[in-house]
Amino acid sequence: MLYEFTVQSSRREEFILITGEINRILAEAGMKNGSCTVFIPHTTAAVTVNECADADVAADLLAFLARLVPASGAYRHREGNSDAHIKAALLGTSLHLIVREGKLDLGTWQGVFLAEFDGPRRRKVKVWA
Ligand code: ZN
């Protein structure tokens, strides 16, 4: 079944932890064991799994992506947010995750993040569970 929730970002670029929201959906869905798909229907935001224990990891990822993909450059896209589109493409729009005993089966330090690259905006996240 398809579920959806929204996330309000507060900065142009940030990582927002959404593990708890996905686990709430899995509980609502009554899924015990299996897998789920997390999809973000946007072109300047992404979903990714990485460390959630130390917030400096997300800060380092954002800083590295900013060095890799400069905010301005020889881009053709007239909206002026090509860097956000490229960063979103690098991280991707969907995740396929294992569900065990009613929750995401993540590693000890892993969390699921919405990666915002052109906020602040209201973002949708879709979960098939
Ligand atoms: Zn654009």
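Modeller: Before we start, a salt bridge here is a side-chain nitrogen of Lys or Arg within 4 Å of a carboxyl oxygen of Asp or Glu. Keep in mind that this is a predicted model.

Colleague: Okay, which residues are linked in a network of salt bridges?

Modeller: That network takes in R12, E13, D83, K87, D118 and R121.

Colleague: Let's zoom in on D83 and K87. Where do they lie?

Modeller: Both sit in helix α3, which covers residues 82–91, and they are four residues apart, about one turn of the helix.

Colleague: How many salt bridges does the structure hold?

Modeller: Eleven. One of them joins R24 and E21, at 3.0 Å from N to O.

Colleague: What separates R24 and E21 along the helix?

Modeller: About one helical turn, because they are three residues apart in helix α1, residues 19–29. R24 counts as exposed, with 52% relative accessibility, while E21 is partly exposed at 27%.

Colleague: Switching topic: how many helices and strands does the chain have?

Modeller: Three helices and eight strands. Along the sequence they run β-β-α-β-β-α-α-β-β-β-β.

Colleague: Last one: what percentage of the residues is buried?

Modeller: Buried residues make up 40% of the 129 in the chain.

Definitions and conventions:
Residues are numbered from 1 along each chain as its sequence is written. This is a predicted model: local features need pLDDT of at least 70, side-chain atom pairs count only at pLDDT 80 or more; totals for chains, interfaces and linings use all residues. Side-chain values use heavy atoms; hydrogens and water are left out. Helices (H or I, at least four residues) and strands (E, at least two) are DSSP runs, numbered from the N terminus. Buried means under 20% relative accessible area, exposed over 50%, partly exposed in between (1.4 Å probe, protein chains only).
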